[in-house]
Amino acid sequence: MIIKASIQHASVLSELGAETFYASHQHSAPANQLAAYMKKVYSLEAIEKELADPVNIYHIIMHNDTVAGFSKMELTIKHPAIEPDRISKMDQIYLLDSFHGLKLGAELLSHNIDYSKANGQNGMWLVVWVGNTTAIAFYEKFGFRIVAKDDFQLTETHLSPCYIMLLAYASNNKIS
Ligand SMILES: CC(C)(COP(=O)(O)OP(=O)(O)OC[C@H]1O[C@@H](n2cnc3c(N)ncnc32)[C@H](O)[C@@H]1OP(=O)(O)O)[C@@H](O)C(=O)NCCC(=O)NCCS
């Protein structure tokens, strides 16, 4: 089951975000840099602010009545390496470790793609750390392709190398 998150889910999302981010990125940067980033992005206060802004579309996926993961997407977000307009950004998609490999990620990503298409979008882009080979393989299964390399500013002093991946929706022939 997938639900659209609202302010009442702030505490769940704060805990889920911190746990899943750390599990996925613990080898990408020094521990103190990760802690600083997680405080900035996943503190309860930060998540409440995010949920209060309708631009941020959060979904939570449940498995057998237990919270398994979440996603965040924004509509019509430009990336300098991507030409056409009306492209969504898949900002975060994270499952707890014990729920990997159960097709929940596929279900959640499909849900976001459907949501984006229903809102007249032409495609979806995302940022993925170059060392996250699991996620890259997962996105490639959906037809995402690497279109650029970039650096993700984790903190003021740490840059994480990453890829920009793009999925152009089939009905759109403007995207190369
Ligand atoms: C990436 C993630 C969301 C994938 O979700 P998941 O539920 O584990 O993946 P699914 O079970 O839905 O798999 C969907 C497809 O991707 C494939 N896939 C998943 N992991 C893969 C891997 N490591 N290598 C190759 N293919 C993989 C599956 O085989 C499946 O393809 P199939 O339908 O042909 O069998 C999940 O592993 C996750 O939360 N990872 C940690 C957080 C993260 O890294 N998020 C991305 C940040 S950019």
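Ile2 stands opposite Ile61, which sits in strand E2. Here a strand is a DSSP run of E with at least two residues, a helix is an H or I run of at least four, and both are numbered from the N terminus. This is a predicted model, where local features need pLDDT of at least 70, side-chain atom pairs count only at pLDDT 80 or more, and totals for chains, interfaces and linings use all residues. Residues are numbered from 1 along each chain as its sequence is written, and side-chain values use heavy atoms, with hydrogens and water left out.

**The sheet**
- E1 and E2 (residues 57-63) run antiparallel and are joined by three bridges; two strands count as paired if DSSP finds at least two bridges between them.
- Seven strands make up an open, mixed sheet, ordered E1-E2-E3-E4-E5-E7-E6.
- At the edges you'll find E1 (2-4) and E6 (145-153), each pairing on one side only.

**Helix H2**
- Gln33, Leu34, Tyr37, Met38, Val41 and Tyr42 are the buried residues of H2, buried meaning under 20% relative accessible area, exposed over 50% and partly exposed in between (1.4 Å probe, protein chains only).
- Those residues cover an arc of only 130° around the axis, so they lie on the same side of H2; the arc is taken from the directions from the helix axis to the C-beta atoms.
- Asn32, Lys39 and Lys40 are exposed on the other side of H2.
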